[in-house]
Amino acid sequence: QVQLVESGGGLVQAGGSLRLSCAASGRTFSAYRMGWFRQAPGKEREWIATINWRGAYTYYADSVKGRFTISREYAKNTVYLQMNSLKPEDTAVYYCAADTDPVQPYDYWGQGTQVTVST
């Protein structure tokens with residue numbers, strides 16, 4: 001079992017920055033990859049970033065590449081999403097997820113944190 005708790009969301013003006021955190025507990029944090037997703041009202045959930053279990057590889061959706069950075073801090077069992085140059089279209093609920101099952105990807109999810117970017 002893995003428990004995930006996101007924090008750091010809020011209201012920010014366009015062009016601003018936020019850093020989201022996802023604290024993990026339960027299974028060994030270093031044993032699985034982590035991802036960030038988001039879901040805007042009326043839209044499907046969108047994958048935006050992944051970091052592998054060693055933290056050596058990161059992957060981004062085109063919509064956030066060059067603006068967002070995913071990282072992980074093993075000592076704190078935490079994954080971060082640094083979001084810069086935010087745009088109104090980045091407004092969504094952001095979720096972190098853990099990928100522990102080789103058959104079912106991203107099998108554990110946090111409760112989400114709201115990010116609102118104003119014009």
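**Rings, a charge and a disulfide**

User: What lies over the face of Phe 37?

Analyst: Arg 45 does, at 5.9 Å from the ring centre. The criterion for a charge over a ring is NZ of Lys or CZ of Arg within 6 Å of the ring centre and within 35 degrees of the ring normal. This is a predicted model, where local features need pLDDT of at least 70 and side-chain atom pairs count only at pLDDT 80 or more, while totals for chains, interfaces and linings use all residues. Residues are numbered from 1 along each chain as its sequence is written, and side-chain values use heavy atoms, with hydrogens and water left out.

User: And where does the charged end of Arg 45 sit relative to Trp 109?

Analyst: Over the ring of Trp 109, 3.9 Å from its centre.

User: How many aromatic pairs in the whole structure?

Analyst: The search finds three. Rings of Phe, Tyr and Trp (its six-membered ring) pair if their centres lie within 6.5 Å; planes under 30 degrees apart are stacked, over 60 edge-to-face, the rest tilted. One of them is Phe 37 with Tyr 106: the centres are 5.0 Å apart and the planes at 80°, so this pair is edge-to-face. Phe 37 is in strand S4 (residues 33-39) and Tyr 106 in the loop between S9 and strand S10 (108-109), so the pair ties together parts 69 residues apart in sequence. Strands (E, at least two residues) and helices (H or I, at least four) are DSSP runs numbered from the N terminus.

User: Which residues make up the aromatic cluster?

Analyst: Phe 37, Tyr 106 and Trp 109 form one cluster. Tyr 106 and Trp 109 are a tilted pair, 6.5 Å centre to centre with 55° between the planes.

User: Is Trp 109 buried, exposed or partly exposed, and what is its relative accessible area?

Analyst: Trp 109 is partly exposed at 29%. Tyr 106 counts as buried at 11%. Buried means under 20% relative accessible area, exposed over 50%, partly exposed in between (1.4 Å probe, protein chains only).

User: Switching topic. Which residues does the disulfide join?

Analyst: Cys 22 and Cys 96, S to S 2.0 Å; a disulfide is a pair of cysteine sulfur atoms within 2.5 Å. Cys 22 is in strand S3 (residues 18-26) and Cys 96 in strand S9 (residues 92-99), 74 residues apart. The S-S torsion is about 55°, so the disulfide is right-handed. Both cysteines, Cys 22 and Cys 96, are buried.

User: How many helices and strands does the chain have?

Analyst: Zero helices and eleven strands.
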